[in-house]
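Visitor: Could you walk me through the inside of this model?
Guide: Happy to, have a look first.

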Amino acid sequence: MKQTLIKVHERIKPYIHKTPVLTSQLLNEKAGCNLFFKCENFQKMGAFKMRGATNAILSLSEGERQKGVVTHSSGNFAQAVSLAAKKMNVKANIVMPENAPQVKKNAVKTYGGNIIECESTAKAREKKANEVKEELGASFLHPSNQIEVIYGNATAAMELLEEQPDLDVILTPVGGGGLIAGTALAAHFFSNKCKVIGGEPMEADDAYRSLISGKIETNDTADTVADGLRTNLGDRNFPIIQKHVEKIIRVEEYEIIEAMQLIWERMKIIIEPSCAVPFAAVLKNKEEFKNKNVGIILSGGNVDITNLPF
């Protein structure tokens, strides 16, 4: 597995940015620990998902690539698949709910993705993606519950640990589970002592409940400002999370917004609300992280700046 992750990293390097790790003395003082922010908001297309999408497409055979790929996403994975596919001359079919923000549809089009609209339900998205898959023979790429995607996602934490080998803990947000599962694998194979902790909104705490119950839980509602974290865990990433993730810390909406505002104001960088969740978890539990070396993966920066929560 360790060798597999090294190979994945080598394979996707020509297609991704090695994103910077930034620090802030002021935020260190506020949190009472040493913070190292891995800035995937500076990744191509603005999020870590470029890593997983790239690896998933590179893992296909030449014949499979010629038939194109299909995914369902209204967010960052839609853009990631579109851009990664464009770089490899592969046709990308993106199933998006009809009520997806126009700004997201525009981004997918800019990256060369072919948008297929559907009703705005999870069932409709899956049904339409299956139809496209059957009709075109396209390979389906899952935003978070596919092992090639998880391995690609792991490379962000691998780079972070390469630069900061003395980390005690890495925190990531938890949505579909693809980022935290990849991060947990990276910490397990490339560090001796680094733990992995997730941050999750109270309003969408399915992963927190899943770890307690031992089975995949869902949310009846997911009314959170962290729109990237409204999805559920999957059967591929959940066993990895169960085995290698220390725990998940839940945060309130106001805590997410305050953490997001702090990063914007103090670090002068744009992050989306989902990114602020792990930082909010550190601020909420200062005792737990006191004087530790804490890595935080800033998952993305695709935010509608005309509609900020602060």
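What follows is a short chat about its nonpolar cores and one of its strands.

Guide: This is a predicted model, so to speak plainly: local features need pLDDT of at least 70, side-chain atom pairs count only at pLDDT 80 or more, and totals for chains, interfaces and linings use all residues. Residues are numbered from 1 along each chain as its sequence is written, and side-chain values use heavy atoms, with hydrogens and water left out.

Visitor: What makes a set of residues a nonpolar core?
Guide: Its members are buried Ala, Val, Leu, Ile, Met, Phe, Trp, Tyr and Cys residues joined through side-chain atoms within 4.5 Å. The largest one here has 34 residues, and Leu-35, Phe-37 and Phe-279 touch the most other members. Helix α13 (273–284) is among the elements that give it two or more residues; its share, eight residues, is the largest. A second, separate core has 33 residues, including Phe-36 and Ile-240.

Visitor: Why is β2 called largely enclosed?
Guide: Buried means under 20% relative accessible area (exposed is over 50%, partly exposed in between; 1.4 Å probe, protein chains only). Five of the six residues of β2 are buried, so the rest of the structure largely encloses this strand.

Visitor: How do you know that β2 and β10 pair?
Guide: Pairing takes at least two bridges found by DSSP between two strands. β2 and β10 have six, in the parallel sense, with Val-294 as the bridge partner of Leu-35. Strand β1 meets the cut-off too: two bridges join it to β2, antiparallel.

Note on methods. Helix = DSSP H or I, 4+ residues; strand = E, 2+ residues; numbered from the N terminus.
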